[in-house]
Amino acid sequence: MKTKTLTSILHKEEDMYVAECPEVGTVDQGETIEEALANLKEATRLYLEECPLLDIDTSPRFVTSIEVSYV
């Protein structure tokens, strides 16, 4: 069994949390952050079982917020 550390990005959309794994392209949702992450992990695991990644860059990514002023 292989293990990879991948990035997850979450945002709230109406009454659901949406979680995305940008390295793989999988997306899932849940009523809580924990549920969205659990669903994303399962979706990503299933995807990788069917379509294994050859040489994906899994170096750590840093996700943060920026503030932008505009007119």
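## A walk through a predicted model

Threonine 7 is buried, because its relative accessible area is 11% and anything under 20% counts as buried. Keep in mind as you look around that this is a predicted model.

So where does this residue sit? Threonine 7 belongs to the segment before strand 1, which covers residues 9-13. Its side chain makes a polar contact of 2.7 Å with the side chain of glutamate 23. Once you skip the neighbours within four places in sequence, threonine 7 is in contact with Glu20, Cys21, Pro22, Glu23, Arg61 and Val63.

Now for the strands. Strand 1 and strand 2 (residues 16-21) run antiparallel and are joined by five bridges. You can follow the pairing residue by residue: isoleucine 9 has glutamate 20 of strand 2 as its bridge partner, while glutamate 13 stands opposite methionine 16. Strand 2 also pairs with strand 3 (residues 26-30), again in the antiparallel sense and over five bridges.

| Hairpin | Residues between the strands | Turn residue with positive phi |
|---|---|---|
| Strand 1 and strand 2 | two residues | glutamate 14, about 55° |
| Strand 2 and strand 3 | four residues | glycine 25, about 95° |

Which residue has a positive phi although it is not a glycine? That's glutamate 14, with a phi of about 55°. Most residues other than glycine have a negative phi. Glutamate 14 lies in the loop between strand 1 and strand 2. Is glutamate 14 buried or exposed? It is exposed, because its relative accessible area is 76% and the cut-off for exposed is over 50%.

Next, look at leucine 53, which is found in the segment after helix 1. Leucine 53 counts as partly exposed because its relative accessibility is 24%, and that label covers values between the 20% and 50% cut-offs. Leaving out residues up to four places away in sequence, leucine 53 touches Val24 and Leu48.

Rolling a probe the size of a water molecule over the atoms shows where empty space is left. The largest pocket in this model has a volume of about 690 Å³. How many residues line the largest pocket? There are 19, and the ones nearest its centre are Lys2, Lys4, Thr44, Arg45 and Leu48. Leucine 48 is also one of the residues that leucine 53 touches. Helix 1 (residues 33-50) gives the largest share of the lining, with seven residues. Sorted by type, the lining has nine nonpolar, five polar and five charged residues.

Note on methods:
Residues numbered from 1 in each chain as written. Predicted model: local features only at pLDDT ≥ 70, side-chain atom pairs only at ≥ 80, totals over all residues. Heavy atoms only, no water. Buried < 20%, exposed > 50% of the residue type's maximum accessible area, 1.4 Å probe, protein only. Polar contact = N/O pair within 3.5 Å; in protein donor to acceptor, adjacent residues only side chain to side chain. Contact = heavy atoms within 4.5 Å. 1 Å grid on protein atoms, 1.4 Å probe; cavity = no way out; pocket = protein on both sides within 12 Å on 5 of 7 lines; lining within 4 Å. Points joined across faces, edges and corners; volume = space filled by probe spheres on them. Nonpolar A, V, L, I, M, F, W, Y, C, P; charged D, E, K, R; others polar. Pairing = 2+ DSSP bridges.
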